[in-house]
Amino acid sequence: MYGIYDSDSTRESLFENNEGGELVKARGVFPENRRLDEKTWKAIRDYYLNNSPESLEQKTRQELKMDLLTNFKLCKPELVLRPPAVTMVKLIGDKILVGDANKGALFLINQELQTINAAMVKEGAVHVEMVEEDYWLTVMGSFSPGDDPKGMILKLDVNGKKPAEIPVKDLQRPVHSSYEDLNQDGMVDIVVCEFGKWTGALSLWLSNPKGGYDRMNLSSESGAIKAYIRDMNRDGKKDVVALFGQGNEGIRVYFNEGEKYREEYLLRFPPSYGSSFFNFQDVDQDGDDDIVYCAGDNADYLPILKPYHGIYLFENNEGNFTQKEFITMDGAYAAYYSDFDSDNDQDVVAISFFPDYVNSPERSFVLFEREEGSFIERSFEGVLDSRWIVMDVADIENDGDQDIILGGLTFETVPDVGLLDRWVEKGLPFVVLENQSR
């Protein structure tokens with residue numbers, strides 16, 4: 001990125017042979033000419049080589065009890081996918097929506113876990129919300145990292161009677177969207193996280209009177225992961241709060257000032273954290289939203305275990321967020337707080353896409369059950385039947401307790417511990433852990 005290459009061919013190899021490659025060239029991500037002198041470059045290299053530790057000190061892990069199924073019932077669907085590549089699981093109403101990248105499909109599953117319908121949606125349905133009685137899907141366009149603008153927002157009729165519509169297209173690998181009237185004109189607007197690879201954006205799509213959308217970039221950086229719409233400064237205007245990964249990591253607020261948005265960092269994280277997830281939840285039940293954040297992406301290079309990977313809780317104190325809790329979890333990818341055992345305290349459920357595959361691969365799913373100021377860590381027999389990448393927490397049975405939906409994606413592990421063939425053979429796209437506490 002400073003125009004320093006091993007050979008003349010190195011630079012060209014960094015560009016995709018498509019429109020995405022042209023976008024990266026136009027942005028100047030990999031400059032043609034060197035932009036850093038040799039003395040400065042050597043000083044940077046020497047700093048890291050001389051000061052980096054030989055290894056990272058690991059935190060102590062508690063015993064993992066494999067007894068979760070004494071309190072939860074493991075339910076498997078009739079649907080088999082070989083190999084599964086699930087990119088989304090979401091309960092909406094009485095249906096579970098499952099997106100699969102390999103099939104390029106969206107599956108509608110009923111409460112008995114039977115497939116009742118399916119729609120072809122191209123590659124990578126990663127997020128869905130119900131907007132005005134329709135399913136609005138965020139479709140990546142390419143599961144593999146890239147900059148080619150093939151992603152879209154896809155609108156599907158819930159009853160399947162109307163043809164699909166594409167309200168927004170030409171997106172750079174979008175991974176999340178939020179919907180709300182931001183400019184108070186009575187029409188729903190869209191905030192899209194275009195993760196991309198080298199380029200991307202956090203884009204705002206404002207509804208116009210012609211029935212289309214006008215684009216405004218809140219940020220032109222890659223790496224936007226999730227974005228929520230909240231009135232952060234309580235001025236009556238909806239703001240945008242977004243998590244970014246890809247090096248310049250942190251949670252940013254885009255304050256709505258009418259015709260423009262002002263960016264501020266709410267929280268910043270080191271580029272080595274591998275930000276993977278965040279969510280707003282009122283964990284301490286004081287009437288305002290706290291932040292649940294996961295650090296755990298470990299795929300850029302040969303993965304090493306990192307003691308700062310895990311689940312962070314940032315408590316909301318009148319708009320200032322301070323770290324209240326950290327739970328160690330290698331490769332954490334998503335986490336939710338809830339009272340899963342109905343004992344009036346907040347437990348935590350989490351998945352990892354990069355657990356310690358050599359010593360404790362079962363920690364790809366853990367329920368941290370809070371008890372007397374500490375946690376009992378639980379997983380379940382059968383946890384290794386898939387590689388869990390997405391999760392939803394919802395009351396599927398409407399019985400007052402929270403159930404857990406896990407979606408799996410078959411992908412080789414580093415190091416190879418012999419699980420890939422098992423995942424392909426099982427063909428298990430998702431499971432439901434049905435809470436038995438009530």
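The model is a predicted one, and the values given here are computed from it.

**Salt bridges**

Side chains of opposite charge can pair when their charged atoms come close.

| Pair | Closest N and O atoms |
|---|---|
| Glu12 and Lys25 | 3.8 Å |
| Arg34 and Glu38 | 2.6 Å |
| Glu264 and Arg262 | 2.3 Å |

Glu12 and Lys25 form a salt bridge in which the closest N and O atoms are 3.8 Å apart. Because Glu12 belongs to helix α1 (residues 8-13) and Lys25 to helix α2 (residues 19-27), this pair ties together parts that are 13 residues apart in sequence. Glu12 is partly exposed, with a relative accessible area of 45%, and Lys25 is likewise partly exposed, with a value of 35%. The two residues also take part in a network of salt bridges that links Arg11, Glu12, Glu22 and Lys25.

In the pair of Arg34 and Glu38, Arg34 is partly exposed at a relative accessible area of 41%, while Glu38 counts as partly exposed at 43%. For the remaining pair in the table, Glu264 has a relative accessibility of 37% and counts as partly exposed, and Arg262, at 33%, is also classed as partly exposed.

**Surface patches**

Ile44, Tyr47 and Tyr48 make a nonpolar surface patch of about 340 Å². Of these residues, Tyr47 is found in helix α3 (residues 38-51), and with a relative accessibility of 51% Tyr47 counts as exposed, because the cut-off for that class is over 50%.

A negative surface patch is formed by Glu412, Asp416, Asp421 and Glu425. Glu412 lies in the loop between β28 (403-408) and α4 (420-426), where Glu412 is partly exposed with a relative accessible area of 48%.

Leaving aside residues up to four places away in sequence, Leu81 touches Asp100, Lys103, Phe107, Gly427, Leu428 and Pro429. The C-alpha atoms of Leu81 and Thr322, which are 241 residues apart along the chain, are separated by 43 Å.

Terms used
Residues numbered from 1 in each chain as written. Predicted model: local features only at pLDDT ≥ 70, side-chain atom pairs only at ≥ 80, totals over all residues. Heavy atoms only, no water. Patch = residues over 30% accessible without salt bridge, like charges linked within 9 Å, V, L, I, M, F, W, Y side chains within 5 Å. Areas by Shrake-Rupley, 256 points an atom, 1.4 Å probe, with all protein chains shown as cover. Salt bridge = Lys/Arg side-chain N within 4 Å of Asp/Glu carboxyl O. Lys, Arg positive; Asp, Glu negative; His and termini not counted. Charge placed at Lys NZ, Arg CZ, Asp CG, Glu CD. Helix = DSSP H or I, 4+ residues; strand = E, 2+ residues; numbered from the N terminus. Buried < 20%, exposed > 50% of the residue type's maximum accessible area, 1.4 Å probe, protein only. Contact = heavy atoms within 4.5 Å.
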